[in-house]
Amino acid sequence: MWDSIYKLTLVIGRLIFPITTFILIMIFGLEIFSFLETKATIIPQLLWNGLVSGALIALVSLGLTLIYSIAGFIQFAHGELVALGAYSFMVFHKWLNWEILPASGGALFFVILVGLLLEKFFFRPVSQKDSMIPLVISIGLSMGIQSIILIIFGANILTMSNNFSKSHSFFNNTILATYPQILTVALSIFLMISLILFLKHSKIGKSIRAVSSNRAVAETFGINVNKSLQWIFGIGALMAGIAGICLGFEQNLEPLMGVHILIKAFAAIILGSIGSIRGAIFGAFLIGVSENLLVGLGIIPSGFSVAIPFIILILMLLIKPEGLLGKRFESLRQ
Amino acid sequence: MKKLLIFLVAPFLLWGCEENISNTDNNPETIKIGGIAPLSGDGATVGLMIQNVTNLAIETINNDGGINGKNIEILWEDGKCNPGDSSRSTQKLVNIDKVTAILGGVCSGETLGAAPITEKKKVILLSSASSSPEITSAGDFVFRTSPSDNSQGSILADYANKNFKKVGMITEQTDYSIGIASTFKEHFTGEIVEENYLPTESDFKTRITKLKNENIEGVLLIPQSPAKFEILIRQLQEQNWDKPILSNEIVTNTEVLKKFSDFFVKVSYVGAQFIVPDSENLNTFIDSYTTKFGEVPIYTNYVATTIDAVNMLAKALKEVESNDTEKIRDALYNIQNYEGFSGNISFDKNGDINITHSLFSFDGEKLVSLDEK
């Protein structure tokens with residue numbers, strides 16, 4: 001008797017979610033459909049806008065999540081590498097009148113150099129200490145670099161050349177995109193794939209993964225942990241630098257530009273699952289697209305768009321702190 | 001525990017000392033006034049210019065004998081274009097430096113942040129650039145030499161009433177921009193699609209996409225700074241915007257307009273401006289500014305209102321011959337039909353000035369007044 005009641009409750013429990021969803025769709029489905037129909041013409045453009053902003057966030061969040069998975073702390077000065085990328089590109093391109101490619105090369109070289117120097121002089125000496133120490137150091141570095149940018153370039157908003165801001169239409173005029181935007185998305189996707197392949201197949205990538213899964217064991221097997229750290233900071237800086245250059249073309253340059261994108265990237269890695277590459281990519285695009293869709297479709301008033309990553313962040317930490325693609329926190333900690 | 005107690009009590013003890021320490025200089029050789037402007041951040045373009053103009057105007061007064069033999073000394077604080085930093089700066093100027101008057105703020109937020117403090121301590125607050133309508137009622141000791149946004153918002157609305165039935169509006173979430181937006185909303189009879197953004201944002205693509213789908217006949221941009229205006233225009237251009245653009249007076253310098261002259265000629269641009277009469281005095285001042293600071297001041301109208309603010313304050317100080325701020329206030333109200341750099345000006349009973357905005361369009365080269373057409 002009790003047994004059958006128990007089974008019945010199990011069955012109801014299992015069915016209750018799909019049934020309520022079905023009922024809700026039956027009631028509101030038509031309205032949702034007609035709402036989307038009125039907005040159908042702009043949805044492709046909104047998705048594209050979301051893709052561009054997602055691609056930029058992904059470039060930053062990948063570096064952030066890599067550093068977290070190897071070094072075990074959130075590198076808050078990572079956003080400043082984005083700003084340094086943008087500003088150094090502007091110095092090479094606008095002040096020294098270099099062509100775009102050599103200027104990008106110069107800027108990326110500079111950013112990677114800064115990333116490696118930060119690792120060598122600030123993070124390696126404390127790499128064996130509690131993760132709170134490098135975290136606090138990184139916050140200090142972030143403020144320091146911001147101030148340096150402020151001193152050199154001033155607080156004014158600077159804009160990159162607007163020779164490229166001509167847009168081209170695609171798919172029957174439903175999407176308008178500029179070349180820098182297309183390049184941003186293409187580069188970002190290319191870098192993601194190459195990063196995943198690099199980590200999976202190259203020797204250094206394998207050692208990085210080994211260090212990330214268990215540092216002590218990797219060390220006993222003779223893997224050079226410091227070398228892995230250097231690689232990670234180098235790769236992170238490269239991606240941040242690229243994000244900075246793209247961001248400079250897409251929006252503008254200001255000393256706090258790194259902080260604004262770092263917050264979104266931070267939300268993205270928590271959303272996706274902290275320390276996971278796929279999670280970072282997934283989270284970044286989810287934030288980029290949802291931000292643009294929610295505002296573009298008028299679901300959220302546009303003045304609140306800055307709050308969206310924070311709302312996602314808080315909800316995620318409350319409901320599923322290990323992230324959408326994550327395992328339980330406990331297993332990650334080990 | 002003892003240490004904790006010391007830390008807790010010390011600030012109160014120091015607070016008690018403060019009054020006595022700063023009251024010692026009862027007979028100063030100089031007249032101390034304060035200055036609040038955005039010296040860093042987005043607003044610094046305007047803020048630094050106003051700081052330079054103020055300093056130069058004060059230097060001129062001091063070289064001509066000062067205020068009845070005393071020199072004016074100005075202490076600058078960074079208001080960072082927001083009420084919070086501005087009120088902190090004001091607290092410092094009013095309570096520690098004991099100034100009799102403050103020139104500033106520049107951003108409306110700064111002035112509104114400072115006003116409650118200056119009002120309570122009966123310190124003159126004289127702004128030469130803040131234009132939020134709220135400043136009109138901010139207090140008895142609050143004055144300004146630049147026009148209120150009421151005139152800006154209402155003439156833009158009049159123009160829109162004649163030409164459009166439905167407009168889009170993109171407003172930066174700052175006191176200044178919101179001030180114009182609310183006046184516009186009050187006077188415009190048609191339908192408005194509102195979009196907002198925070199000062200930290202610079203990606204407006206989605207808002208523009210949304211407005212394009214709304215069947216509007218024109219768009220009103222109300223940014224806080226020329227830099228944001230430029231980004232807005234660039235992204236509008238990227239999204240193949242083809243409707244008329246209206247804006248507030250943020251683009252007095254035609255440099256930004258000229259960068260996009262083809263685009264503006266195509267879609268047509270109308271902006272509210274207040275233009276000061278071209279005078280020899282003003283040109284001489286601008287020349288000396290240029291030689292001293294190595295650059296031409298970009299906002300001629302605010303150069304004029306700032307010099308007027310300094311000169312009118314100096315005139316009031318000369319008449320009163322004391323630090324009695326109530327008398328200085330009355331002297332300021334009594335200045336009528338003053339021949340200043342920005343025209344024949346007087347303060348009204350709210351401390352507002354009697355100059356207004358007018359509409360201008362852009363022909364690809366320069367601003368053209370719509371009144372003359």
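Q: Which residue of β13(B) stands opposite B:Val270?
A: That's B:Ser361. The model is predicted, by the way: local features need pLDDT of at least 70 and side-chain atom pairs count only at pLDDT 80 or more, while totals for chains, interfaces and linings use all residues. Residues are numbered from 1 along each chain as its sequence is written, and chains are lettered from A and ligands numbered from 1 in the order in which they are written.

Q: OK, and how do β10(B) and β13(B) run, parallel or antiparallel?
A: Antiparallel: 4 bridges join β10(B) to β13(B), which covers residues 358–362. Two strands count as paired if DSSP finds at least two bridges between them. Strands here are DSSP runs of E, at least two residues long, helices are runs of H or I, at least four long, and both are numbered from the N terminus.

Q: Which other strand pairs with β10(B)?
A: β9(B), residues 245–247, pairs with β10(B) in the parallel sense over 3 bridges. One of the facing pairs there is B:Ile245 opposite B:Tyr269.

Q: Why call β10(B) largely enclosed?
A: Because 4 of its 5 residues, in the stretch 269–273 of chain B, are buried. Buried means that 20 or more other C-beta atoms lie within 10 Å of the residue's own; exposed means 12 or fewer, partly exposed is in between, and the C-beta atoms are placed from the backbone.

Q: And how many residues of β1(B) are buried?
A: 6 of the 8 residues in β1(B), which covers 30–37, are buried, so that strand is also largely enclosed by the rest of the structure. β1(B) runs parallel to β2(B), residues 71–78, with 8 bridges joining them. B:Ile33 has B:Ile74 as its bridge partner in β2(B). β1(B) also pairs in the parallel sense with β3(B), residues 101–103, over 3 bridges, and there B:Gly34 stands opposite B:Ile102.

Q: Zooming out, how many helices and strands does chain B have?
A: 13 helices and 14 strands. The radius of gyration of chain B is 22 Å, close to the 21 Å from the globule rule for 373 residues, so chain B is as compact as a globular protein of that length. That radius is taken over C-alpha atoms, and the rule is 2.2 Å times the number of residues to the power 0.38. The C-alpha trace of chain B spans about 65 × 65 × 40 Å along its principal axes, and buried residues make up 52% of its 373 residues.

Q: What domains does chain B get?
A: Domain 1 is 28–147 + 279–345, and domain 2 is 149–273. Bounds like these come from an automatic or database domain assignment. The two centres, taken over C-alpha atoms, are 30 Å apart. Domain 1 of chain B puts 15 residues into the contact and domain 2 of chain B puts in 16. Contact means that the C-beta atoms of two residues, placed from the backbone, lie within 7 Å.

Q: What about chain A, how is that divided?
A: Into domain 1 (1–40) and domain 2 (46–333). Their centres, over C-alpha atoms, are 39 Å apart.

Q: How many residues does each chain give to the contact between A and B?
A: Chain B gives 28 and chain A gives 27. On the chain B side, α8(B) gives the most, with 6 residues. By class, that side has 5 nonpolar, 13 polar and 10 charged residues. For these classes, Ala, Val, Leu, Ile, Met, Phe, Trp, Tyr, Cys and Pro count as nonpolar, Asp, Glu, Lys and Arg as charged, and the others, Gly among them, as polar.

Q: New topic: how many residues are in the largest nonpolar core?
A: 124, and among those with the most contacts inside it are A:Val60, A:Ala86 and A:Ala265. Such a core is a set of buried Ala, Val, Leu, Ile, Met, Phe, Trp, Tyr and Cys residues joined through C-beta atoms within 7 Å. A second, separate core has 63 residues, including B:Val106 and B:Tyr299. In soluble globular proteins, nonpolar side chains tend to be buried together.

Q: Last one: is A:Ile245 buried or exposed?
A: Buried, with 27 other C-beta atoms within 10 Å. A:Ile245 is in α9 of chain A, residues 225–250. Leaving out residues up to four places away in sequence, A:Ile245 touches A:Gly85, A:Ala86, A:Phe89, A:Ser104 and A:Ala107.
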